[in-house]
Amino acid sequence: MVNRKKRRVLADCIYGDSENDADQRYLAGFFVPDRFLSLKMGRKSIGVFGDLEINRAQKESRLTEVLSSPAVNRAAGEWLNKKNTDVADQIAWLANVYSIDAFRLPENFPAWLSEGMRKHGLKFQIVRGALFASRHV
């Protein structure tokens, strides 16, 4: 039996709307005026949407997975044994589900959210400039 190193999973993480955040618009591929959470790991891209946007996200986005924010909140709450959860709890739950080791965050990522991630023990680095250099092409 050959011992193989576990592949390190690094995810790009964005929390913003696609009207004002060019990286979010590039990743999701469609216009959303409200903030939403998105992750990109290799070829997989995930968006977490509220009830008002989820149907449109499923039809119009170029994300490979579209998740319901209320469903992710419930799952995160059960996993953390908490009644009220927040976006940092959602990210921690997603990190657990998708075996994410660390995150790359854009420089405009909300400080309150990165602090919540730190409290969960999540590792991250801030990326200066565009998160997706390919969007400039």
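Helices here are DSSP runs (H or I, at least four residues) and strands are E runs of at least two, numbered from the N terminus. The model is predicted: local features need pLDDT of at least 70, side-chain atom pairs count only at pLDDT 80 or more, and totals for chains, interfaces and linings use all residues. Residues are numbered from 1 along each chain as its sequence is written, and side-chain values use heavy atoms, without hydrogens and water.

**The α4–α5 pair**
- The two helices pack at an angle of about 45 degrees, with their axes 8 Å apart. Axes are lines fitted to C-alpha atoms over the stretch in contact, and angles run from 0 to 180 degrees between N-to-C directions.
- Val 87, Ala 88 and Ile 91 of α4 meet Trp 112, Leu 113, Gly 116 and Met 117 of α5. Contact means heavy atoms within 4.5 Å.

**The cores**
- The largest nonpolar core has 27 residues. Such a core is a set of buried Ala, Val, Leu, Ile, Met, Phe, Trp, Tyr and Cys residues joined through side-chain atoms within 4.5 Å. Buried means under 20% relative accessible area (1.4 Å probe, protein chains only).
- α4 gives the most to this core, with 7 residues.
- Beyond its neighbours within four places in sequence, Ile 91 contacts residues including Cys 13, Leu 37 and Phe 103.
- A second, separate core of 13 residues includes Ile 14 and Phe 132.

Note on methods:
Buried < 20%, exposed > 50% of the residue type's maximum accessible area, 1.4 Å probe, protein only.
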